Amino acid sequence: MVVETDSARTRDAAVHVQLETLIALRLRARSLASALARRVSSVPAGAHGSRFRGRGVDYRESRIYQPGDDIRHMDWRVTARSGRPHTKLFEEERERSVLLIVDQNPSLHFGTRVRFKSVQLARAAALVAWATVQGGDRVGALGFGGGIHAEIKPGGGPRSALAVLRALRDWDNAASDTISPLSEALKRARRLAKPGTRVLLLSDGFSADADALAPLSLLAQHCDIAAVILSDTLELSAPPPGRYAVRSGGNTRLFDFARANVREQWSQTFAERRDGLLGLLQKRALPSIRIDTRDEPDRELARLLSGAVPLEKSA
């Protein structure tokens, strides 16, 4: 019989996503649910230039055109078939959908402080999932990278939140060394997200590619997009001078951080990969926050979901 010690369980929870940990975040998500409610109530009806598009609408039926109807909603097929002008009627969805785009690329399965980026990502996603259903809205998820190509369609209630949490656990356990670009995930999201969906991208930014701008722009025309960018301290600055062996994808490379050029190149490389995603978001004036592996994500997520994060537009 093997007895698992507390330290072993702690190490495992820092490296692998644990379902019980994500479920336990349910109570902490109440403050985020309030942030979501404040953001929705703070947007005046009919306001122009809103960061949020409002809830989606579904086609209900067509009826004979009446004076004052919006001609942009003319149902030309029914009009041609009946010989009388008809217009389409729509009804607003009572629930908003939130779609989590979850990056599972190999670069996320790394961390030097407290936990892996992949584990921190799952914790942030779980908090948003719980906050969404607690606010009466629907939540779904889309996984990409690491050989993951799976989706959870948005649904309401605790059962849907649990489905997302299980997917986060399963995707983390099944992720491989396969790399997938962000552009592919955004194309898939366009097919899954209805107009008015709130889309939250969770990534470290390393999967961002130049081809992602076009699908991001198309998605932003009808959905509200924001991003949570995960980072680790070692990516922000080089370690103390010394020689370090770094293993990735079965390969080991030796770095001599006593050399100034190695230290400079190390920080610059990570900054360029991270800034690629920031550049895409800024071109569309989309908000984002950065969460370190050491952080508790609640406060920053509340700022993002409540609309308190200032928008930046690139030149």
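I'll start with a loop residue. At 24% relative accessibility, Ala285 counts as partly exposed, because that class lies between the 20% and 50% cut-offs. Before I go on, note that this is a predicted model.

Ala285 sits in the loop between α10, residues 260-283, and β10, residues 288-292. What is the phi of Ala285? It is positive, about 55°, although Ala285 is not a glycine. As background, most residues other than glycine have a negative phi.

Val114 is also on my list. Its phi is near 70°, again a positive value in a residue other than glycine. Val114 belongs to the loop that runs between β3, residues 97-103, and α5, residues 117-134. Is Val114 buried or exposed? With a relative accessibility of 53%, Val114 counts as exposed, since the exposed class begins over 50%.

Next, the hairpin. Strand β4 covers residues 138-145 and strand β5 covers residues 148-156; the two run antiparallel and are joined by 7 bridges. Arg138 stands opposite Gly156 in β5. Between the strands of this hairpin there are 2 residues, and Gly146 takes a positive phi there, near 65°.

Now the helix pair. In general, two packed helices are described by the angle between their axes and the distance between the axes. Here the helices are α7, residues 182-192, and α8, residues 213-220. They pack at an angle of about 25°, and their axes are 8 Å apart. Angles under 35 degrees count as roughly parallel, so α7 and α8 are roughly parallel to each other. The crossing in which α7 passes α8 is left-handed.

Which residues of α7 and α8 meet? From α7 we have Ser183, Leu186, Lys187, Ala189 and Arg190. From α8 we have Pro215, Leu216, Leu218 and Leu219. By class, the residues of this contact divide into 6 nonpolar, 1 polar and 2 charged.

Last, the chain as a whole. How many helices and strands does the chain have? Its secondary structure comes to 11 helices and 10 strands. The chain has 315 residues, of which 45% count as buried. If we take the contacts in the chain with a separation of 6 or more, 76% of them are between residues 24 or more positions apart.

That's what I have.

How values were computed. Residues are numbered from 1 along each chain as its sequence is written. This is a predicted model: local features need pLDDT of at least 70, side-chain atom pairs count only at pLDDT 80 or more; totals for chains, interfaces and linings use all residues. Side-chain values use heavy atoms; hydrogens and water are left out. Axes are lines fitted to C-alpha atoms, for helices over the stretch in contact, and angles run from 0 to 180 degrees between N-to-C directions. Helices (H or I, at least four residues) and strands (E, at least two) are DSSP runs, numbered from the N terminus. Angles under 35 degrees count as roughly parallel, over 145 as roughly antiparallel, 65 to 115 as roughly perpendicular and the rest as oblique. A crossing is left-handed if the near helix is turned anticlockwise from the far one by less than a right angle, and right-handed if clockwise. Contact means heavy atoms within 4.5 Å. Ala, Val, Leu, Ile, Met, Phe, Trp, Tyr, Cys and Pro count as nonpolar, Asp, Glu, Lys and Arg as charged, and the others, Gly among them, as polar. Two strands pair if DSSP finds at least two bridges between them. Buried means under 20% relative accessible area, exposed over 50%, partly exposed in between (1.4 Å probe, protein chains only).
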